[in-house]
Amino acid sequence: MDTLAIIATAWSDLLQPWSMFYLILGVVIGLVFGVLPGLGGTTALALLIPFSIGMTASDAIILMAGVMASTPTSGAVTAILLNTPGTAPNAATTLDGYPLAKQGKAGLAIGAASMASGVGGILGIIFLIAMIPITREIVLMFGPPEFFLLTILGLISVSLSTGAKFLKSLVVGAFGVIVSCVGYHFVTGEIRFSGGLDYLWDGFKLVPAMIGFFAVSEMINLWAKGGSISEGGDMAKVNLKQVLQGCWLPFKHWSVTLRGSAIGTGVGALPGVGGTVAAFMAYTLAVASAKPADRESFGQGNIIGVIAPEASNNAKEGGALVPTLAFGIPGSAEMAVFLSVLVLHGMVPGPTIMTESIDIIWILILATVVSGILASAITILTASSMAKLTFVDSKTLVPVVLAFALIGSYSLNNEFLDVVAALGFGVIGFIFMRLGFPRISFPLALVLAPIMETSYYQTMKIGDGSLGILFDRTPSIVIFACIIGCLLYFLKGFVFDRSVASSANS
Amino acid sequence: MEQKSRFDGFTITMLAMLALAGLTIYFGMDYKPISRFLPIAASILMIVCVLWLMYDRAKGGDAGEKSLSGEGDDIPATQIWQSIFWISIFAAIAFFLGFIVGSGIYTFFSLYVWGKRSIRHALAISGGLAISIYVLFNMLLGKTLYNGVLFDLLMG
């Protein structure tokens with residue numbers, strides 16, 4: 001079947017009533033979770049996994065695409081109105097969005113942010129489409145040694161993206177790897193670290209672990225904090241006329257939108273770097289490329305300071321899907337959860353997905369585009385009401401989310417110990433969160449460790465037990481050089497910053 | 001520079017991580033080389049990072065500045081541990097109540113209305129669970145469903 005026929009089939013699948021229902025449901029859930037600071041796309045996806053089990057693969061992918069495409073869009077609303085970013089990457093939007101709201105231009109900022117998000121999302125997906133034929137060729141160059149090194153690079157680069165928390169992130173990553181080792185070993189048949197519990201023979205299940213680590217831990221935090229997510233803030237009125245005027249601005253400043261989208265796509269395609277880095281990079285570049293006279297207006301309510309990070313934030317989704325689909329290496333916690341959805345529905349990310357499940361890939365692409373447009377439209381129309389969600393009291397929010405979290409853990413296998421596991425991982429996730437340990441490495445380690453172990457075994461087989469094979473092929477040498485580069489970058493920062501700081505103190 | 005030697009949440013967590021890594025190595029040595037490689041490598045990495053973090057903190061670095069009693073806010077540690085305790089207890093009770101209520105709903109409907117489908121089982125239990133958790137949380141906060149949230153909803 002040629003590509004056009006596949007696209008036509010995917011489009012007609014998407015237009016089926018149930019598919020459209022799941023798409024709209026995904027967008028609404030994504031918007032709600034995006035607008036609530038602390039919850040975000042990862043939590044939403046983790047909570048939805050168990051409910052997706054009974055669906056067809058395409059419906060599940062459509063639901064997830066709806067969530068992923070809409071979460072970053074609504075996160076901008078609270079960033080602009082309440083100075084509280086809904087998701088971490090929206091933090092860059094607060095810099096100019098909130099000052100604009102204080103000047104009575106909240107509608108303008110929300111309109112511009114929503115439209116920039118929509119355009120950025122579409123540009124990111126165009127990048128993904130352009131990459132499909134190329135990635136197939138690249139992936140076929142990769143063998144077990146490359147995949148083994150790539151998993152190590154994924155974990156290290158994720159940790160590196162946390163900046164000063166590199167070591168803490170590695171601790172969480174190592175914890176995730178140890179957790180993933182529990183249970184039956186696929187080659188030797190040994191049952192590892194089960195402690196005599198039959199439940200652990202299959203290891204810790206991905207879904208309860210994810211739900212616990214993200215959703216339950218956030219609920220414990222909210223429970224301990226009490227009150228609502230937003231305690232106060234200026235609830236600026238949103239004028240619809242202003243919003244519509246704002247929608248035009250990303251097109252007026254098209255170079256800013258394009259540049260932001262390009263940064264988002266490029267950074268999103270790098271495993272582990274994430275949307276926050278992309279958004280701040282886009283913002284910084286927007287400031288740097290502004291006329292000297294205009295630079296002082298950034299931070300005081302410049303609309304370009306809203307457009308650049310929002311375009312970048314949504315464009316990263318298309319970029320992040322490239323390593324996730326092509327290599328099975330998720331670029332972020334959200335993609336790690338999405339990867340588990342693919343696996344649960346029988347799709348194996350990597351070289352085969354581009355050939356065997358290309359129809360699903362096109363459904364994903366189209367669903368992401370439609371969801372992005374839908375999310376922008378809903379946000380434009382309902383921004384003011386959305387912001388009110390952050391004033392919901394914890395005594396309402398916690399039990400509702402917790403109920404979904406626990407039943408989600410249970411319903412996957414009708415296993416009560418999965419609920420206990422989710423609660424246990426919730427407590428561990430909460431402790432890590434409170435101590436300032438970045439949690440992003442945990443899901444990545446959980447997903448990457450089995451790939452790492454499989455490719456290590458295959459590498460040893462190919463190399464007759466010698467690790468020399470890791471340095472025999474060009475792709476593996478390049479990846480190895482990247483790993484060394486990441487470690488040197490950390491050590492340089494660690495040693496250099498310390499010596500500068502100590503000399504400054506003395 | 002001020003020496004930090006508090007036996008607080010950070011130190012306890014780091015010691016727990018060291019213990020986990022130690023136990024992983026201890027038990028991992030029993031397995032065949034191919035199955036012990038990854039857990040032992042991860043444990044060694046964990047030990048190195050944890051010791052580095054603890055050393056950094058002892059030297060006055062910012063690695064372990066934050067304790068369980070607050071990361072930029074002032075929630076007392078006791079309140080946090082109480083929250084973890086109560087959320088676990090109430091979630092467990094609510095889950096069993098929800099299971100009983102939901103199973104009752106499921107049994108009734110599967111006998112008289114539905115066919116036997118596991119997703120409906122899950123949905124029925126989730127309904128029961130959601131109600132149970134909601135009621136219990138409201139009771140925990142000193143409010144009943146009647147004079148608490150439901151009343152607020154009804155009376156605006």
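In this predicted model, the axes of α9(A) and α19(A) come within 6 Å and cross at roughly 55 degrees. That angle makes α9(A) oblique to α19(A), and the crossing is right-handed.

**The α9–α19 pair in chain A**

- On the α9(A) side, the residues that meet α19(A) are A:P208, A:A209, A:I211, A:G212, A:F213, A:F214, A:V216, A:S217, A:I220 and A:N221.
- On the α19(A) side, they are A:D418, A:A421, A:A422, A:L423, A:G424, A:F425, A:G426, A:G429, A:F430 and A:M433.
- Sorted by class, this contact has 13 nonpolar, six polar and one charged residues.
- Helix α19 of chain A also holds A:I428.
- A:I428 has 22 other C-beta atoms within 10 Å, and the cut-off for a buried residue is 20 or more, so A:I428 is buried.
- A:I428 and A:S217 are 211 residues apart in sequence, yet their C-alpha atoms are 7.7 Å apart in space.

- A:F193 lies in the loop between β2 (191-192) and α9 of chain A.
- The phi angle of A:F193 is near 50 degrees, a positive value in a residue other than glycine.
- With 19 other C-beta atoms within 10 Å, A:F193 counts as partly exposed.

**The α3–α15 pair in chain A**

- Helix α3 (residues 40-52) and helix α15 (residues 333-344) of chain A pack with their axes 8 Å apart, at an angle of about 10 degrees.
- Angles under 35 degrees count as roughly parallel, so α3(A) is roughly parallel to α15(A).
- From α3(A), the contact uses A:G41, A:T42, A:L45, A:A46, A:I49 and A:S52.
- From α15(A), it uses A:A333, A:E334, A:V337, A:F338, A:S340, A:V341 and A:L344.
- The residues of this contact divide into eight nonpolar, four polar and one charged.

**Chain A as a whole**

- Chain A has 21 helices and two strands.
- Its C-alpha atoms fill a box of roughly 65 × 55 × 55 Å along the principal axes.
- A compact globule of 506 residues would have a radius of gyration near 23 Å, and the 22 Å of chain A agrees with this.
- Of the 506 residues in chain A, 61% are buried.
- Among contacts in chain A between residues at least 6 apart in sequence, 80% join residues at least 24 apart.

**Chain B as a whole**

- Chain B has five helices and zero strands.
- Read from the N terminus, the order of its elements is α-α-α-α-α.
- Of the 156 residues in chain B, 29% are buried.
- Among contacts in chain B between residues at least 6 apart in sequence, 56% join residues at least 24 apart.

**Where chains A and B meet**

- The contact between the chains involves 44 residues of chain A and 47 residues of chain B.
- On the chain A side, the elements that give two or more residues are α8 (166-180), α9 (206-225), α18 (394-413), α19 (416-434) and α20 (441-462).
- The most residues on that side come from α18(A), which gives ten.
- By class, the side of chain A that touches chain B has 31 nonpolar, six polar and seven charged residues.

**A helix pair across the two chains**

- The axes of α8(A) and helix α2 (residues 33-58) of chain B come within 9 Å and cross at roughly 155 degrees.
- Angles over 145 degrees count as roughly antiparallel, and α8(A) and α2(B) are therefore roughly antiparallel to each other.
- The crossing of these two helices, α8(A) and α2(B), is left-handed.
- The α8(A) residues in this contact are A:L167, A:K168, A:L170, A:V171, A:A174, A:F175, A:V177 and A:I178.
- The α2(B) residues are B:L38, B:P39, B:A42, B:S43, B:L45, B:M46, B:C49, B:V50, B:W52 and B:L53.
- The residues of the contact of α8(A) with α2(B) divide into 16 nonpolar, one polar and one charged.

Notes: Residues are numbered from 1 along each chain as its sequence is written. Chains are lettered from A and ligands numbered from 1 in the order in which they are written. This is a predicted model: local features need pLDDT of at least 70, side-chain atom pairs count only at pLDDT 80 or more; totals for chains, interfaces and linings use all residues. Two residues are in contact if their C-beta atoms, placed from the backbone, lie within 7 Å. Helices (H or I, at least four residues) and strands (E, at least two) are DSSP runs, numbered from the N terminus. Ala, Val, Leu, Ile, Met, Phe, Trp, Tyr, Cys and Pro count as nonpolar, Asp, Glu, Lys and Arg as charged, and the others, Gly among them, as polar. The radius of gyration is taken over C-alpha atoms; the globule rule is 2.2 Å times the number of residues to the power 0.38. A residue is buried if 20 or more other C-beta atoms lie within 10 Å of its own, exposed if 12 or fewer, and partly exposed in between; C-beta atoms are placed from the backbone. Axes are lines fitted to C-alpha atoms, for helices over the stretch in contact, and angles run from 0 to 180 degrees between N-to-C directions. Angles under 35 degrees count as roughly parallel, over 145 as roughly antiparallel, 65 to 115 as roughly perpendicular and the rest as oblique. A crossing is left-handed if the near helix is turned anticlockwise from the far one by less than a right angle, and right-handed if clockwise.
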